[in-house]
Structure formats: C-alpha cells, structure tokens
Amino acid sequence: MNRKPVFENLLKVLRREAPPRPVFMELFMNDTIYRKFCDPKYLDGKEDISYMLIMASAFANLGYDYFSTWPSGFGFPQKGGPSKQTTTLNHEAAIYDRKSFDEYKWLEPEDFSMAHLAKVEPYVPQGMKAVMVGPGGVLENIIGIMGYDNLCMKVYEDPELVSDIAENVGKRLVRYYEMATEYNIIGAAFGNDDWGFNTQTMLSPKQMREYIFPWHKKIVEAVHSRNKLCVLHSCGNPSEVMDDIVDDIKYDAKHSFEDNIIPVENFYETYHDRIAVIGGIDVNFIVTKTPEEVKERSRKMLERVATRGGYALGTGNSVPEYIPLENYLAMLSAAYEFDK
C-alpha cells in the first residue's frame, strides 16, 4: 500500500463531491493501532507533540488523508468521572440546583495552551492536516455535569437552570473551536456529541432545539467562518432531527451509524444529496463477521458511491480495541484495491 495523504480528497467528500480515490475517515482508532502502524522513531518521544506525531504517522501509514487530534486539555469538571471500562450517565452530579451551579468552577479554554498545534505542523506528513475533536459535546457535557436522570427532571422542574448550564457549556465550546480552527494544521472539525438512543433523541426534539442545537449552530458557524468544514459525530437515532442537522445547524457531514437504527447504505440513498456520509460499516458487523464479509460489504459500499461521491469509508463509530485487527484491515483493503 503506497498512499500519500491528500487532504483535498477528504474535503471533496465533505463537499459531497467524488474524490479520485476512496477516502477513509474515523473519529478515532485506538492506541494499539497507533503504536503498531506509526513510524517507530516517534515511540520513545517525550515532547508534548510526540503522541500527535504517533497518531499522524499511523493515520498516514494506513492510508488516511488526515489525523484526529484534541487541541487541548480543556474540559468540564465532573464528580466521580468515567472509569476506564465504562461510563455511567448518572454518576454523582456536580450541579443539581442553583446553589451548586453558583459554586461550580468553570474552566476556560484560554487557560489551556494550543501552541503545540503550530509546533507539530512541520513534522506532519506532507499533504496531511488534522481534524479536531471536541472535549465532548454540548449534551454530553451537560449530562456529565448534571447526570442524565437529573437533567430529564430539571427540564421540567427548573428549565432556567438547564438553560444556564447549556449556555455556560455552549459558549465555552464555541470558544474552543474558534481558538483551534485559527491554526493552519486544523483542516476540519468534528462536532462530537452523542444525542440519542436506538429509537429517539435523549431529550425530545423540542428540547434539543431549545437547549442543544443553538450551540451546535454556533460551533458550525465558528468552523465555517475559518473556511473549514464540520462533521457531526452523534450516536443514536437522528430521524426526527435530520432537517435540523442539515438545514438549520448546517453540518457538512454525518458520522456514526448502526445497522439496527439505519444501515449506512439506506442513509446514503436518502440523504447523500443533502449531507456527506461518513463511515457506517457497523461495528458489530465488523466484530462478528469474517474478514471476507467485511471486505465485501465495504467494496459494495464503495461501488455504490463511486460516481456520486460524498462518502468516506470507515466503521460505524470508531475502531475500539475489541475489533479484530484483521477485520479492520479487511475494510481498508477494499479501498486499497480501488486504488490500483
């Protein structure tokens, strides 16, 4: 495999155009893959940019035109944060009433340096840029601060409190995206925020429009104001809010799909003329099927989109450790064969 990164190919996908060869895209892979496929010279590095170079090298060696990066350590403090193995939506709430809201210590994006984004640029493979990932999204961070059950009660008991929390989360995320997209190495952005379950959004569509979507719209506007494109990564069933995603928020692409919600093939046929489609080879499918079956489904998807464009090959969500390596590589191999 002898692919050279061409970031413009990813931009063609996000503009719903047909690139000259298949394009890959993931929110992220995993540390085992990064370290296995990177240039070994980066493995012993101790500088603040070393892990970014590990990721950039691995993404490039696998045939991606970009690499994912988190611009800084900014985030929203939680009580009893997530464990390494699982995440609860109802851990101890940091904010549960007006008094705890007033006492909450908000962090500021400006207090976390992004200087490494300029420092790393000379070392990134030629033709490659980074796609930034947020420190969680608006809804995810509200749930992280309040707990999901508490949020569901407070939207009725104290909607002003929910609105105030959403504003404080949202405006800081907007600033985070504004700051990061000023750097040349950042070529596009993920607006990553899980919104739903298999059947519906986590809040009602009306509540999503009131508390969540206005801030996503501002995030997308911030990215677009830098002449860069923005991909929504959101798990769950988006069917009731797709018009919001496309027509109001104006995301350029949609990522994260599950077969038991809507197979990516069906989503592409319905929406590809309105929004770019990213990934979608279902994670459960990749885990449970043979490499040959994974490769065949990937090949058929590439054939489906070949002349119409607006699609990047990838998993339905990400590449966790438990995906068999041979199955992940089988997905990529379907595209390598198109290159020949």
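Helices, of at least four residues, and strands, of at least two, are DSSP runs, and they are numbered from the N terminus. His216, for instance, has its place in helix H9. The model described here is a predicted one.

The chain as a whole may be considered first. Its secondary structure comprises 14 helices and seven strands. The radius of gyration is 20 Å, close to the 20 Å that the globule rule gives for 340 residues, so the chain is as compact as a globular protein of that length. Along the principal axes, the C-alpha trace spans about 60 × 45 × 40 Å. Gly45 belongs to the loop between helix H2 (31–37) and helix H3 (50–62), and with 37% relative accessibility it counts as partly exposed.

The contacts and the surface complete this overview. Among contacts between residues at least 6 apart in sequence, 77% join residues at least 24 apart. Of the 340 residues, 57% count as buried. The accessible surface of the chain comes to about 14700 Å², and 49% of that area belongs to carbon and sulfur atoms.

The interior comes next. In soluble globular proteins, nonpolar side chains tend to be buried together. Here the largest nonpolar core has 120 residues, of which Tyr311 and Tyr328 touch the most other members. Helix H8 (residues 159–180) supplies the largest share of this core, eleven residues. When neighbours within four places in sequence are left aside, the residues in contact with Tyr311 include Val13, Val264, Tyr268, Val277 and Gly279. Ile281, Met301, Leu302 and Val305 are also among its contacts.

Which of its residues are buried? They are Tyr148, Asn150, Leu151, Lys154 and Val155. Seen down the axis of H7, these buried residues fall within an arc of 150°, so they line one face of the helix. An α-helix has 3.6 residues a turn, so residues three or four places apart point the same way. On the other side of H7, Tyr156 and Glu157 are exposed. The cover over the buried residues of H7 includes helix H6 (138–146), H8 and helix H9 (205–225).

Asn150, in helix H7, counts as buried with 14% relative accessibility, because the cut-off for burial is under 20%. Beyond its neighbours within four places in sequence, Asn150 is in contact with Asn90, Ala93, Ile95 and Tyr96. His216, in helix H9, is buried as well, with a relative accessible area of 1%. Leaving aside neighbours within four places in sequence, His216 is in contact with Val138, Asp193, Trp195, Ile249 and Tyr251.

The cysteines remain. A disulfide is a covalent bond between the sulfur atoms of two cysteines. How many disulfides does the structure hold? It holds zero. Cys152 counts as partly exposed, at 25% relative accessibility, whereas Cys38 counts as buried, at 5%.

Notes:
Residues numbered from 1 in each chain as written. Predicted model: local features only at pLDDT ≥ 70, side-chain atom pairs only at ≥ 80, totals over all residues. Heavy atoms only, no water. Core = buried A, V, L, I, M, F, W, Y, C linked by side-chain atoms within 4.5 Å. Buried < 20%, exposed > 50% of the residue type's maximum accessible area, 1.4 Å probe, protein only. Contact = heavy atoms within 4.5 Å. Arc of directions from axis to C-beta. Rg over C-alpha atoms; globule rule 2.2 N^0.38 Å. Areas by Shrake-Rupley, 256 points an atom, 1.4 Å probe, with all protein chains shown as cover. Disulfide = S-S within 2.5 Å.
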